[in-house]
Every structure is written in C-alpha cells, then in structure tokens.
Amino acid sequence: MSLSVSSFFIEKSQATVVNSIIKRFTFNGSDISPQVMTYGTIVHDVAEIAGGSMVIELENASQVYNSFFTDKTQFFKDGTFEFGFATAAGSEDLTQFFGGELIDIDMDDAQRVTMRFSDKLARLGDRKIGTEESPVSFTGSDYNPADLAWFVQASYGGLSEVKSTSNPDVDYPTWLGWWQGFDDDSVVVRAEFTGETVLEALEKIAKLTDSVIYDEGDNRLDYERWTGVTSFRHTISESYVLGVPDVTIVAEELINRVEILFDHNPTSGTWAGSITKQNTASVNSYGLREEIYDDSVVWYVNSLAAINQAERTVFRRKEPNVKAKVKTPLRFLEAVVGDMVEISLAVHSWDVKLMTLTGYEIDFMEKTMVLDIDEGFGRTSGKVTGFLLDDAYWGLLDQSYNPLF
Amino acid sequence: MGKPRLDGPSSGSMELSANYDMEVARVLNRTDHRTLEGNLYTYLDGESHTRFRVPLSWVSSMDRSLVNSWQEVGADLQFILDDDFPLSYHNVRIMGVEEPFTTSVAPYYLTQYAGEIILETI
C-alpha cells in the first residue's frame, strides 16, 4: 500500500522540472522552517517498525535556542516534517514524512544547533510486557494474530483503541484487512511475554505471520501480510536511476527446509508437535539449508497455520537472494516499505524484474532517494506473484505446478 | 547616468566608483540530476538571491572604516545601482569574513584603498 498522496503531489514529484517546493518543520506547535539550515535524511526499513530518527540543523546566531538551557520541558515535544508543493491557486499540498519527539540537541557551534528527533513510535520500544517472574500470558484461548497485536499495542503501548479511520495511532483499514486475512486462513496463535517490549512483540508477530508492520511517516501503524497476487506499484527504469545501482546476491538467507514447532506449553516448555517442509529442488541445487521456528514467545496453535508458513518460506527463500540499492530523484515519494517494484536495468540485464521495497532513505536536501529492493527473501518481506499473464511459468493455472500462497 | 551607491542603516552612505567589471548575478537554489538514460531532473527549491561583486579602488580611509563597521555588525544596507533612480534598490548585506579593502593604491599608502566588496540580497 503506497503512501496516501494526491494526484497533484504525484504529478509534481514525478516531473523533470520541480518547483514550488515546500519543506516545513514544526516543533512544539511552531513553524521553525525559517531557521532550518539543513534537513537530515529520513530512513525506513522493513525490519524496523518505527522509522529512524531525524536530525535538523538550525541557525542559532539569534541565540533563540539558548532557551533549552532554561526551559528543558521543550524536550520530548513533537516535531514533524512535511514536504510538498504550492498549488497554482496558492494553497499547499503537503505530506508528513516524519513525526517524532525531541530527544537531544547539540551546540558544539554556538551559531548553530542540531536537534535530533526520535520517531514517535520508537517509544513502543520502552514499554515492556510482563516480566520473567510475572509473565503476561495469552494462552487461555486462541488469538487472531491481529487481535494479539492490537491488544499489546493498546494495553501496553498506549496506542488508541478506536476502531475506525479516526484512530490517530493505527491505520485501521489496513489493520482490518490484515485481521481478515488471518481469519480467512484460520490462522491463530498464542503467546507469553516475559519482558519483551511492545516493538519486539509486534516484530515477532509480523515475522511469524509473514507480515510487515510499518510507519509511513505519519506515526500510524500500517499492517500487511504477503499473500496472493498483488498489482505492481512502482516501475523503475534507467530513465529514473542515478548512477549504477549497488547490487548483491546473498546466499546465506537461503532456506529450503523449515521445521515449525506449534502449540507450545509455557509451563513444561514442551511443544505438542511440529511440521516440516522441504523444497527438494533447492536442496539438490544448494544442499540442505534449514531453519527451525521455535519461538516460545509467540507461536502457532495448530499445524494448519504452521504448514502455510512453512510452505511460504521454502518457496520464497529457495534461491540466493538478489538485493539492490537504487538511487533515484524524488519521484517515488509515495513508496512505502513492502511495495512491489518492477525494475528494468540493461546494465544487469534485468527486464521487468519483480522485487520488493524493503527500505528507503530520502534526502530532501540533495533531492534524491535510495531504494532498498530485493527479490523478497528479507525478514518479514517478500511477495509471491501467483499469476502473470502470458508468462511461461507464472502464467500457468495448474495449482500443483504454481501454487498460490 | 548615475553611480552605484550603498546606503547604511543611519545616515551613512558611500558612493561606489564601480566600472563595467562589476558583476551582477542571480544565484538559484537549484539541484540537477542526470539519470542513466540521460534524463535531467531539475529541482528549484526556494527563492533565488542576487550577488553583486564590486571591484573598487580609490576608497578613502573614511569609507573603508564605514564599510568595515557595516560588515562587522551584519548591517542591512540598500544598494542602489544608479543613484539617478534612488527608489530602485536592493536590500543587501556585505558578505565575507575578511574586510573588503585590504590593499593600498600607490602612492597613497594607507590612505587610499582597493579591493572588492561582495553584496548579497537578503
């Protein structure tokens, strides 16, 4: 799911001559953009639910920021960064790309001050669930993974429990779609937390269920599970690429045999059973590369969901994984982690290669962005295209030959 | 045709005996990128400003002191390109970390100075 921006915003960001640019930083309710000298880069990675921190440098020749010495209550106040364009009618079309809290300032140079903001969702990494002595157990019944995530983020993370689009902390439609997917597949889990943070709990749920939980920059959680066919989102060609991309092929992440344990008993520390799936063709090509899923924090209740996860894993990760860092102008600002990318690069003989966006770094000063894309074997990321019209392999409807996940 | 003049915040004023080698340049806030296929992406971000490079000689000690005082405090000045039209001016500041007039004009040692003053619109 791409960032929700207007067609005007997309049109402007994809133009080859871009003007009427607006960059705005608001701190503690005040627009401090006139004092900003440089904006730091904004980073998102699929492995991190909360976005990275953001640094801005401001002039302090006026000594206005010396107030931090006398008024320290300014710390942990909100800072937001918006980027966009002025319309011909004189209005502004802005999108928030970062929201955070002030955590420290640097005044090595008295004429300048550097302010560092932590993504607001990073505070979920400070909220712990249970302890070793008093664990928080979700073992009395089976839980839809989305319900488990909702409970821990609301009860322990303090996020809003409003189940509508007005929820300020959660993109409710994506959560609901995520929930529905698990309900359709009868995926249920149980859990026991002994001091994991809310962020760690959400990361475990995402990893176990082959999902991605992310922040688009508006400090609201979005949820998505990789399942089935998805439409292409972004097309990258050499018309948009700056410099030759940095490409690697990683073999260490290959998994062709996976064992998933299910129905954990926290009291006895035992498991009721396990399932094993193997991709024989991959084993014959690369030798046995095995992974065991035995997380005793969040686990599957029965073999059905475990089989589903195992089949996904040995299918998606059956080969060494191609990863690339592609630098472009600011024409993909609406992209978010998890989006699918269709990339063609003659320099690597890539012709309409399908990959997944697993991270990005936006430099609003240099007007560039670096997209991290891979074939889909990264942590909690990856998509399986079940059908592609006229393709010699992906265009076959024989379910046994080309199973849909 | 009149001469360029620099007016200070109070009553200070300095006539500039500028020649045709004075430079007037608009500086854009612009970033350009060229892709692998040769496409050019241009970003025009924010307002442009104007830079004036004014080589001068025969600057008196009094005018030199006046300019230095303006530079030291970062005074906002009015730069009039033609004093026949005094209402047409640019709001500027003197740029640089060194004083503009650093050499003497022979044979007037330490009484007549030469150098270059750089002004940018604010």
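Predicted model: local features only at pLDDT ≥ 70, side-chain atom pairs only at ≥ 80, totals over all residues.

Student: Why is helix H2(A) called largely enclosed by the rest of the structure?
Tutor: Buried means under 20% relative accessible area, and eight of the eleven residues of H2(A), which spans residues 145-155, are buried, so the helix is largely enclosed by the rest of the structure. Among these buried residues are Pro145(A), Leu148(A), Trp150(A) and Val152(A).

Student: What makes Asn144(A) a cap of the N-terminal end of H2(A)?
Tutor: A polar contact requires N or O atoms within 3.5 Å, and a side-chain oxygen of Asn144(A) lies 2.9 Å from the backbone nitrogen of Ala146(A).

Student: How do you know that E11(A) and E12(A) pair?
Tutor: Two strands pair if DSSP finds at least two bridges between them; E11(A) and E12(A) have four, in the antiparallel sense, and Val136(A) stands opposite Phe193(A) in E12(A).

Student: Why do E11(A) and E21(A) count as edges of the sheet?
Tutor: The open sheet has the order E11-E12-E21 in chain A, with antiparallel pairing. E11(A) and E21(A) each have a single partner strand, so one side of each is left without a neighbour in the sheet.

Student: What makes up the lining of the largest pocket?
Tutor: Its lining residues divide into twelve nonpolar, eleven polar and eight charged, with Pro34(A), Val36(A), Met37(A), Glu59(A) and Arg93(B) lying nearest the centre. E4(A) gives the most to this lining, with four residues, and the volume of the pocket is about 1,200 Å³.

Key:
Residues numbered from 1 in each chain as written. Chains lettered and ligands numbered in written order. Heavy atoms only, no water. 1 Å grid on protein atoms, 1.4 Å probe; cavity = no way out; pocket = protein on both sides within 12 Å on 5 of 7 lines; lining within 4 Å. Points joined across faces, edges and corners; volume = space filled by probe spheres on them. Helix = DSSP H or I, 4+ residues; strand = E, 2+ residues; numbered from the N terminus. Nonpolar A, V, L, I, M, F, W, Y, C, P; charged D, E, K, R; others polar. Buried < 20%, exposed > 50% of the residue type's maximum accessible area, 1.4 Å probe, protein only. Polar contact = N/O pair within 3.5 Å; in protein donor to acceptor, adjacent residues only side chain to side chain.
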